[in-house]
Amino acid sequence: MKEKVQVFFQKHDIRTPDIAYVVRSDRKTVVHLNDGRVEETYIALKNIASVLPEEEFLHINKGTIVSKSHIVTVEKGVYLMSDGTLFQGRIRTPGEHTRNGMMVDNLRDRRRSLYTDNPSEFFTVMDQLPLAFMVLEVVQEVDAIRLYIRYCSREAGKTLNIDPGMVVDEPAKKIFPFASNNLVIRVGDIAANGGCKDMMIYDPRIRHDLFMRCFQTRDNFCAIFFVDIHDTDMADRI
């Protein structure tokens, strides 16, 4: 049966980290994914559960399995998920849900600490993706407010012609001396106040314009996706 589950996962491009929760509904097992996709199958819920890592998922009631990483809170046996969905846990085991709530709180604290203390480690998963991605932090110093690079993906290193390992924790202005003060101010504003903005900048190192999509990931942090406009000329025309 595990092979059948694996075939279902492969057919619908489902990876375990992509799963937010799985529910049994109308004699079907419904898999809800991070990107909003919903895939249905007649494979039994227990068989889906057999391939999910126990350390990453909880079977909170007869028809529901949830990813620990997508639980926001657990209060009085009710699980609030990251997409706003609510699930009632098993009524007969209140102590189980209390322990799960404590686990969620501890997990959240560890993630918060990792994000702020070591963002480069937090975003390591991005190194596996073909995306030019960078995270900057706005820092209030004695004499000024400055932006520091906290993470640079491998693809960003290729796009910008820089060594990702050498730029982490360096001032953004040092790595991008050609950036205008207006650009720095706008990126800093997004990091501090939120929002999402698209901008264009010319990078003399690669002699091309760069398209940048900037957005706040959390307070005082701004993520930037870079696209070399020259590369878009080579994209498939559909």
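Fifteen residues line the largest cavity, and Leu136, Ala172, Phe176, Ala179 and Leu183 lie nearest its centre. By cavity I mean a set of points on a 1 Å grid over the protein atoms alone, where a 1.4 Å probe fits but cannot get out; lining residues have an atom within 4 Å of a point.

A word on the source. This is a predicted model: local features need pLDDT of at least 70, side-chain atom pairs count only at pLDDT 80 or more, and totals for chains, interfaces and linings use all residues. Numbering starts from 1 along each chain as its sequence is written, and side-chain values use heavy atoms, without hydrogens or water.

Back to the lining. It divides into 14 nonpolar residues, no polar and one charged. Nonpolar here covers Ala, Val, Leu, Ile, Met, Phe, Trp, Tyr, Cys and Pro; charged is Asp, Glu, Lys and Arg; the others, Gly among them, are polar. H8 gives the largest share, three residues. Helices (H or I, at least four residues) and strands (E, at least two) are DSSP runs, numbered from the N terminus.

Now the sheet. Five strands form an open sheet, ordered S10-S9-S13-S12-S11, with antiparallel pairing. Pairing takes at least two DSSP bridges between two strands. S10 (145-152) and S11 (196-203) are the edges, each with a single partner strand, so one side of each has no neighbour in the sheet. Between S9 and S13 there are six bridges. Valine 135 sits opposite alanine 223 in S13.

And H8? It packs on the sheet, touching S9, S10, S11, S12 and S13. Contact means heavy atoms within 4.5 Å.

Definitions and conventions
On a 1 Å grid over the protein atoms alone, a cavity is a set of points where a 1.4 Å probe fits but cannot get out, and a pocket is an open set with protein on both sides within 12 Å along at least five of seven lines; lining residues have an atom within 4 Å of a point. Axes are lines fitted to C-alpha atoms, for helices over the stretch in contact, and angles run from 0 to 180 degrees between N-to-C directions.
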